[in-house]
Amino acid sequence: MAEPVVRIPDAKVALSTASVYPESTATAFEIAARLGYDGVEVMVWNDPVSQDVDALRRLSDYHQVPILAVHAPCLLITQRVWSTDPWVKLQRARAAAEKLGASTVVVHPPFRWQRQYARDFVTGIWRMADETDVRFAVENMYPWRYRDREMLAYAPDWDVTKDDYRHFTIDLSHASTARADAIQMLDRMGDRLGHVHLADGNGSAKDEHLVPGRGSQPCAELLERLALSGFDGHVVIEVNTRRAMSGAEREADLAEALAFTRLHLASAPKVPRW
């Protein structure tokens, strides 16, 4: 039997609720439904709705948009969301994912000043992963830069492939900011790649999160590799639309990102993944 010309993986394409900021979590569900996304990833942050499992379930049911992933509150601005204890944050993220039917919790490596948390992080993530069917997918980050200075803000490392995790999230905007080769990082992750944050970048010191195709990252190549490999995780559009001048412009950006992603997930070249 001839090999198929096009391979379309089981991966679903989701919208991160962070992609509509400064609009609300509720707005993200509306847009995801209107544009035809397969689901959403909930960024848990200062919006009270993002922290409320019952409210999230009602939004999901009303818009008929499943919640595919929960992003634990790991940002500087969410240090007091769901406790100041980082392990409690992860426990609540896991509980939320289980109640909402999400398959993945996205988590950042610790900040260096969270010394005890950082010291126990790798073994702690394994322990939590052993207690649930939810994937804890640890996300690559980047050094912080100011002018000619570089600060290593994350521990054990911003490059999560240097440590042993069951599942990874690859974020192409973060790879761009780190000035890392995203395809080489993908190769190191191998079959432990569980989740994708798709966004573009041009190597700026600022985390850009551009619409895929508007920067220099290998967004198309990465998607084509996923299609060839039969990737069964989720591809999440996590872009910055803060500069959109109107709701219509924001939706146009998110529609473009969705079209780009589906096009390249369905156009795999016949070359090995890794």
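**Note on the predicted single-chain model**

1. Strand 1 (residues 12-16) and strand 2 run parallel and are joined by three bridges; two strands pair if DSSP finds at least two bridges between them. Within this pairing, A14 has G39 of strand 2 as its bridge partner. Helices (H or I, at least four residues) and strands (E, at least two) are DSSP runs numbered from the N terminus.

2. The model is predicted: local features need pLDDT of at least 70, side-chain atom pairs count only at pLDDT 80 or more, and totals for chains, interfaces and linings use all residues. Residues are numbered from 1 along each chain as its sequence is written, and side-chain values use heavy atoms, with hydrogens and water left out.

3. Strand 2 (residues 39-43) is largely enclosed by the rest of the structure, because five of its five residues are buried. Buried means under 20% relative accessible area, exposed over 50%, and partly exposed in between (1.4 Å probe, protein chains only). In a regular strand the side chains alternate between the two faces of the sheet. Here both faces are covered, with G39, E41 and M43 buried on one side and V40 and V42 buried on the other.

4. As to the overall fold, the chain contains eight helices and 10 strands. Of the 274 residues, 55% are buried. Among contacts (heavy atoms within 4.5 Å) between residues at least 6 apart in sequence, 76% join residues at least 24 apart.

5. Two cis peptide bonds deserve mention. The bond from Y21 to P22 is cis, with omega near 15°, and P22 is found in the loop between strand 1 and helix 1 (25-35). The bond from A155 to P156 is also cis, with omega near 0°; P156 is found in the loop between strand 7 (149-151) and strand 8 (167-171).

6. Positive phi values in residues other than glycine occur at Q64, near 55°, and at W82, near 55°. Q64 lies in the loop between helix 2 (53-63) and strand 3 (67-71) and counts as exposed, at 66% relative accessibility. W82, by contrast, is buried, with a relative accessible area of 6%; its place is in the loop between strand 3 and helix 3 (86-100).
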